[in-house]
Amino acid sequence: MKDTKSRSKIVLYIAMSLDGYIALPDGSVDWLYDVKGDGGDNGYADFYDTVGTVLMGRLTYEEVLKLSDDFLYAGKPCYVLTRSLAKHQQAPHVTFTDEALSELVPRLQEQSEGGVWLVGGGQLVQAFMREGLLEEAIIAVIPKVLGQGIPLFPEGTLPSTFELKEIERRGDIVLLHYHL
């Protein structure tokens, strides 16, 4: 059981193109696979070990399902936010919810045995920033210009200032560690 005074941080960990996109217009992330990184997983496993709970939007969830036959986050509680809860049957390893962020997030922070990973996408990032819920961001800048796609910060995102804590190089990839 967690100490009543401690709560898990909300961390955005995401890859972005040089021009600010997290996915192609159709939602695919195939452009991530041929990037010269560190020859390993570019720090993903180390980050994932710090995660207690996974949180993502429905569109991101649908793209995650295309990446592997096995659900990538099966070993951790995973919540998928959706506006149309009635359309989704519960799935193994996933809890669909339309709960307000102001109620869901504090509860997950109390329950989580590690950080709460905000996987994406852009609309959810925007909502977390609007509610003041995002605490850290680790953004992997991929050395590609896509020219179009789904932006990390969609139009209408509140102006914000991030505080740079660390810069990490993994081959041609740069990981920017920010506190908000």
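This is a predicted model: local features need pLDDT of at least 70, side-chain atom pairs count only at pLDDT 80 or more; totals for chains, interfaces and linings use all residues.
1. Two strands pair if DSSP finds at least two bridges between them.

2. Residues are numbered from 1 along each chain as its sequence is written, and side-chain values use heavy atoms, with hydrogens and water left out.

3. Overall layout. The protein chain has four helices and ten strands. Read from the N terminus, their order is β-β-α-β-α-β-β-α-β-α-β-β-β-β. Along the principal axes, the C-alpha atoms fill a box of roughly 40 × 35 × 35 Å. The radius of gyration, taken over C-alpha atoms, is compared with a globule rule of 2.2 Å times the number of residues to the power 0.38. For 180 residues a compact globule would have a value near 16 Å, and the protein chain agrees, with 16 Å.

4. Contacts and surface. A contact means heavy atoms within 4.5 Å. Of the contacts with a separation of 6 or more, 73% are between residues 24 or more positions apart. Accessible areas come from the Shrake-Rupley method with a 1.4 Å probe, and for residues only the protein chains shown count as cover. The accessible surface of the protein chain is about 10000 Å², and carbon and sulfur atoms hold 51% of that surface. A residue is called buried under 20% relative accessible area, exposed over 50%, and partly exposed in between (1.4 Å probe, protein chains only). By this scale, 49% of the 180 residues are buried.

5. β7 covers residues 136-142. Seven of its seven residues are buried, so the strand is largely enclosed by the rest of the structure. In a regular strand the side chains alternate between the two faces of the sheet. In β7, Glu-136, Ile-138, Ala-140 and Ile-142 point one way, and Ala-137, Ile-139 and Val-141 point the other way. β7 runs parallel to β1, with seven bridges joining the two. Six bridges join β7 to β10 (residues 173-179), and that pair is antiparallel.

6. A salt bridge is a side-chain nitrogen of Lys or Arg within 4 Å of a carboxyl oxygen of Asp or Glu. The structure holds nine of them. One joins Glu-136 to Lys-9 at 3.0 Å, N to O. The two residues are 127 residues apart, with Lys-9 in the segment before β1 (10-17). Glu-136 is buried at 17% relative accessible area, whereas Lys-9 is partly exposed at 39%.

7. A salt-bridge network. Asp-38, Glu-168 and Arg-170 form a network of salt bridges. Arg-170 meets Asp-38 at 2.7 Å, N to O. That pair spans 132 residues, from Asp-38 in the loop between β2 (21-23) and α1 (44-48) to Arg-170 in β9 (163-170). The distance between Glu-168 and Arg-170 is 2.6 Å, N to O. Glu-168 and Arg-170 are both buried, the latter with a relative accessible area of 19%. Asp-38 is partly exposed, at 35%.

8. Helix α4. Residues 122-131 make up α4, and seven of the ten are buried. Among them are Leu-124, Val-125, Phe-128 and Met-129. Gly-132 follows the helix with a positive phi, near 70°.

9. The loop between α2 and β4. Leu-72 lies in this loop, between α2 (58-67) and β4 (78-81), and is partly exposed at 39% relative accessible area. With Tyr-33 and Leu-67, Leu-72 makes a nonpolar surface patch of about 300 Å². Patches are made of residues with over 30% relative accessible area and no salt bridge; like charges are joined within 9 Å, and nonpolar side chains (Val, Leu, Ile, Met, Phe, Trp, Tyr) within 5 Å. Asp-69 is found in the loop between α2 and β4 as well, and is exposed at 84%. From Asp-69 to Glu-99 is 30 residues in sequence and 28 Å in space, C-alpha to C-alpha.
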